[in-house]
Each structure stands twice: as C-alpha cells, then as structure tokens.
Amino acid sequence: MAHIPIRECIACGRKFLKSEMLRVVEKDGVISIDFGSKAEGRGAYICANPSCRQTAMERRKLNRAFRKNVPETVYESIREELENAGE
Ligand SMILES: [Zn+2]
C-alpha cells in the first residue's frame, strides 16, 4: 500500500496531501521555498487555498512555525507564487 504523506497547513490547521502544498524549508538556518519538495531540512507547509497563502503572509505564520524571523524575501516569494497561480 502506498504511503501518502499528509501535512498540516500552518494557516488553517487542516491536513492535506503534501504534494498539493507549498513547502517552506529551513536548512542550515536558511529559510527558502522548496518548489521541488525535495530539499532536506525542517519544513513548514501551506495548503493551496489562496486565503491561507494570504494569511501566512499577513500574519507572518512562518515566523511562528520556524520560531524565528523569516526574511521578507520568503514572504515575497509566496506572494509571487500566489499571483502566478492564476495564470
Ligand atoms: Zn490552509
């Protein structure tokens, strides 16, 4: 039986398929968006719901998930990702 990875969204707290979520990863103290979902390190996940992407940005949810200040560039990347999603 296939193992189906499920992760919890840091914005809404609901569980989704990992493959459908945006993964943010911390490796060696550097936080970045893991577009390939392959990078090692500690991850935080945001579901595909645009309002969750919005919430994660506006309420700085990643800061809580990683227990540190996440660089604005990471939040900017989420914003760009969100804007590109409609194309
Ligand atoms: Zn969500």
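Angles under 35 degrees count as roughly parallel, those over 145 as roughly antiparallel, those from 65 to 115 as roughly perpendicular, and the rest as oblique. The angles themselves run from 0 to 180 degrees between N-to-C directions, with axes taken as lines fitted to C-alpha atoms, for helices over the stretch in contact. The model is a predicted one, in which local features need pLDDT of at least 70 and side-chain atom pairs count only at pLDDT 80 or more, while totals for chains, interfaces and linings use all residues. Residues are numbered from 1 along each chain as its sequence is written.

Helices (H or I, at least four residues) and strands (E, at least two) are DSSP runs, numbered from the N terminus. Helix α1 spans residues 50–58, and α3 covers 72–84. The two pack at an angle of about 160°, with their axes 10 Å apart, and α1 and α3 are therefore roughly antiparallel to each other. In this pairing P50, R53, A56 and M57 of α1 meet Y75, I78, R79 and L82 of α3, where a contact requires C-beta atoms, placed from the backbone, to lie within 7 Å.

Which residues of α1 are buried? They are C52, R53, A56 and M57, a residue being buried if 20 or more other C-beta atoms lie within 10 Å of its own, exposed if 12 or fewer, and partly exposed in between, again with C-beta atoms placed from the backbone. Those four cover an arc of only 135° around the axis, which puts them on the same side of α1; the arc is that of the directions from the helix axis to the C-beta atoms. On the other side of α1, P50, S51 and E58 are exposed. The buried residues pack against β5, α2 (61–66) and α3, and just after α1, R60 takes a positive phi of about 50°.

The strands can be followed next. An open sheet is formed by 3 strands in the order β4-β3-β5, with antiparallel pairing, two strands being paired if DSSP finds at least two bridges between them. Its edge strands are β4 and β5, each of which pairs on one side only. Strand β3 (residues 22–27) is joined to β5 (residues 42–46) over 5 bridges, with A44 as the β5 partner of V24. Towards β4 (residues 30–33) there are 4 bridges, and here V24 stands opposite I33 and V25 opposite S32. β3 and β4 form a hairpin with 2 residues between them, and D28 in the turn has a positive phi of about 50°. Finally, α3 lies across β3 and β4, running at about 5° to β4.

Key. Two residues are in contact if their C-beta atoms, placed from the backbone, lie within 7 Å.
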